[in-house]
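Subject: Structure handover

Hello,

Here is the structure I promised to pass on. Please open it first, then read my notes below.

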Amino acid sequence: MASSLLRILFLGAVASALTISEINGPKYLSPYNGQNVTNVSGIVTAKGPSGVFIRSVKPDKDDRTSDSIYVFNRNFGANLTVGDEIVLNGKVEEFRSNKDYVYLTEIASPELVEIVSSGNKVKALVIGKDTVKPPTEQYSSLDGGDVFALPNNETLVSVANPTLNPKKFGMDFWESLTGELVTVRKPRVITKPNNFGDTWVVGDWKVTGENKRGGLTMTDKDANPETIVIGSPLDGSNNPKDTRIGDELSEITGVVTYAFGFYRILPTTAITVKKAIEPKLPGATSLVSSEKCDGITFGAYNVENLWVGSKHLPDIAAHIVTYMKSPDLIFVQEVQDNNGPTNDAVVSANETLATLAAAIATAGGPEYTFSEVAPSDDKDGGAPGGNIRVAYLYKPSLIRLYKSNPGMAMDANEVLPGPTLKYNPGRIDPANEAWTSSRKPLVAQWEIIGNGKGGNKGTFFTVNVHFGSKGGSSSLHGDARPPVNGGVEDRLVQAQLTANFIKAILDQDRNAKVITAGDFNEFSFVEPLEQYVKISGLKDLDQVAKIKDEERYTYQFDMNTQQLDHMYISKSLEKKAKYEHIHINTWEIGAAQISDHDPSVAKLDVCA
Ligand SMILES: *[C@@H]1O[C@H](CO)[C@@H](O)[C@H](O)[C@H]1NC(C)=O
Ligand SMILES: *[C@@H]1O[C@H](CO)[C@@H](O)[C@H](O)[C@H]1NC(C)=O
Ligand SMILES: *[C@@H]1O[C@H](CO)[C@@H](O)[C@H](O)[C@H]1NC(C)=O
Ligand SMILES: *[C@@H]1O[C@H](CO)[C@@H](O)[C@H](O)[C@H]1NC(C)=O
Ligand SMILES: *[C@@H]1O[C@H](CO)[C@@H](O)[C@H](O)[C@H]1NC(C)=O
């Protein structure tokens with residue numbers, strides 16, 4: 001009784017004349033969370049639509065404790081001007097708009113005690129010069145050194161509340177600057193903006209993972225915490241939505257805050273391009289078919305919900321002809337049924353694929369035909385009614401299915417002596433629950449017309465995949481650590497099932513020629529694909545073709561260029577193997593991109 005009374009008295013007590021750095025403290029959460037504070041002094045450094053940002057008149061020398069803070073109240077700034085030194089009372093609060101986000105410390109319910117003086121000089125801290133340098137590899141001490149380690153979501157920042165180490169961890173770095181007015185020198189766009197104009201940048205500080213275009217590519221244990229997103233300008237103007245990876249921007253000054261799952265800088269005014277990147281778009285692949293078994297070209301392209309009525313269908317066809325140079329065989333993903341989003345019993349995509357083939361011919365390409373196994377209605381996930389599936393386009397003048405014998409949606413393919421396939425093409429273990437609401441891989445065996453050496457020596461196998469999506473992931477700046485990698489448990493089993501099927505082919509014939517490609521929805525250094533390689537014995541074609549780690553990307557998401565689309569090949573195909581990613585969509589502005597993925601092209605000797 002007595003102790004709880006004391007506790008109430010203690011919590012009710014007012015802390016007097018704290019500095020802003022004392023209010024922020026050296027951790028994520030304020031030691032004064034929920035308490036009233038009086039006579040807090042600060043200079044107004046910026047004004048936003050819902051409050052003002054103030055900086056301590058007595059900054060401390062501690063890199064962990066921000067000397068600035070956000071004062072949240074729509075009207076509080078009405079009579080204040082940047083440069084005013086003020087004294088205020090208020091209540092320390094930790095705010096977040098979503099339970100998966102990190103809290104932002106702020107002073108709420110402010111009352112102005114006095115304006116002490118006006119016209120004080122306000123100088124932004126130059127990032128990397130007046131602050132420690134942004135860490136380049138790790139996000140949080142709670143990630144165990146690998147932001148993609150499994151299991152996910154072992155700890156929450158809001159519960160563990162770790163002491164900040166801004167020299168080592170990117171989230172700690174930005175947290176240690178919340179509320180602060182900062183300048184980014186020599187900013188460069190690293191991923192194209194979202195629909196709100198939010199634009200990820202880096203400044204003149206050291207970065208890792210930089211690709212030739214100027215973006216930062218995610219690599220093993222390095223997901224680029226040295227980056228920051230530039231959010232909505234404080235003056236109500238709008239950031240451009242047509243910037244590209246690599247565009248150079250004019251210097252940015254703004255305040256550090258946290259919103260929509262990320263630390264961010266709200267610039268005082270809209271960002272502007274100083275020097276636009278050139279060339280705007282990449283060139284075509286250099287890989288062209290020899291039209292013989294010693295130089296067959298393989299394309300892979302996630303064509304993003306393509307159906308007969310898609311506006312982007314002719315553009316996809318043009319990409320295949322112009323940028324991919326009409327590969328001999330194309331692994332396509334996200335092909336919808338013939339009436340696309342119409343949610344009825346139609347599952348066949350034969351009209352979709354025939355329309356695409358016709359559009360390719362119209363664009364000046366060769367004659368293609370196609371092969372698919374239609375899924376069961378509404379069982380493979382994706383956009384409602386679309387029944388997305390993987391499929392093959394191929395040149396019938398050069399390639400054919402070896403003893404064609406297509407399976408049905410629920411027919412489980414098997415490896416028969418030969419090795420050959422029970423169904424050609426056929427799906428892998430379609431009834432397995434790992435494929436619930438997901439695409440089943442399509443396995444096929446092919447022969448080259450006229451160039452084969454007869455028997456199985458002249459054939460090769462392909463496995464076209466589109467593993468489960470990353471939906472439900474939490475942000476790299478989110479509360480859950482390591483961050484939630486949505487669907488990773490499903491992808492792990494999907495990878496194991498697919499790899500075991502391939503292993504059964506290679507167990508019969510270690511020289512069998514196997515090519516797998518598609519949208520794996522995962523990075524090569526995360527467990528599902530690590531196991532995929534280990535079980536199947538296949539080689540990552542990026543490694544075989546010696547593509548630099550930084551140039552391995554087919555997608556952009558938040559701050560990273562990243563690789564979701566891969567090709568893996570069996571050992572007998574390694575010699576002379578070539579591979580290119582064509583960044584036609586990641587380099588394009590948002591409004592003009594045709595698919596959200598880049599296509600890739602490989603050239604392989606399938607008669608070696
Ligand atoms: C904080 O101040 C408000 C308004 O002055 C008051 O209503 C509230 O009881 C105070 N809270 C504490 C914990 O002292
Ligand atoms: C706040 O400052 C005013 C004026 O300097 C002073 O009168 C008052 O006692 C201070 N309040 C607290 C709680 O320290
Ligand atoms: C601003 O100043 C005016 C005039 O002194 C006063 O009426 C008003 O309440 C002040 N507004 C705020 C939000 O302090
Ligand atoms: C698609 O399949 C249906 C049903 O088998 C058939 O009638 C139609 O001709 C096919 N269309 C094309 C373009 O192959
Ligand atoms: C992480 O786990 C917590 C429980 O510890 C849960 O409340 C939260 O929803 C999880 N986060 C995500 C993004 O799944």
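This is a predicted model: local features need pLDDT of at least 70, side-chain atom pairs count only at pLDDT 80 or more; totals for chains, interfaces and linings use all residues.

Start with strand β3. G51, F53 and R55 point one way from β3, while V52 and I54 point the other way, and all of them are buried.

How many residues of β3 (residues 51-55) are buried? Five of the five are, so the strand is largely enclosed by the rest of the structure.

β3 has a partner in β2 (residues 36-48). Five bridges join β2 to β3, and the two run antiparallel. They form a hairpin, with two residues between them. Look at V44 to find your way: its bridge partner in β3 is I54.

β3 also pairs with β4 (residues 68-72). Here too the strands run antiparallel, joined by five bridges. F53 stands opposite Y70 in β4.

Next, V202. This residue sits in strand β11 (residues 199-202). Is V202 buried or exposed? V202 is buried, with a relative accessible area of 0%. Leaving aside residues up to four places away in sequence, V202 touches V184, K186, P187, R188, I190, V207, L216, E226 and T227. As for G214, it lies 12 residues from V202 in sequence, and the C-alpha atoms of the two are 9.8 Å apart.

Now the empty space. Rolling a probe the size of a water molecule over the atoms shows where such space is left. The structure holds three cavities of 30 Å³ or more.

The largest cavity:
- About 50 Å³ of space lies in it.
- Its lining is made up of E137, Q138, Y139, S140, D143, G145, D146, V147, K221, D222 and A223.
- Those lining residues divide into five charged, three polar and three nonpolar.

The second largest cavity:
- Its volume is about 40 Å³.
- The residues lining it are N24, G25, K27, Y28, R64, T65, S66, T105, L164, E175 and T178.
- Six of the lining residues are polar, three are charged and two are nonpolar.

Which domains supply the lining of the second largest cavity? Domain 1 (15-117) and domain 2 (123-280) each give at least three residues.

That is what I have for now.

Best wishes

Note on methods
Residues are numbered from 1 along each chain as its sequence is written. Chains are lettered from A and ligands numbered from 1 in the order in which they are written. Side-chain values use heavy atoms; hydrogens and water are left out. On a 1 Å grid over the protein atoms alone, a cavity is a set of points where a 1.4 Å probe fits but cannot get out, and a pocket is an open set with protein on both sides within 12 Å along at least five of seven lines; lining residues have an atom within 4 Å of a point. Grid points are joined across faces, edges and corners, and a volume is the space filled by probe spheres set on the points. Ala, Val, Leu, Ile, Met, Phe, Trp, Tyr, Cys and Pro count as nonpolar, Asp, Glu, Lys and Arg as charged, and the others, Gly among them, as polar. Domain bounds come from an automatic or database domain assignment. Helices (H or I, at least four residues) and strands (E, at least two) are DSSP runs, numbered from the N terminus. Buried means under 20% relative accessible area, exposed over 50%, partly exposed in between (1.4 Å probe, protein chains only). Contact means heavy atoms within 4.5 Å. Two strands pair if DSSP finds at least two bridges between them.
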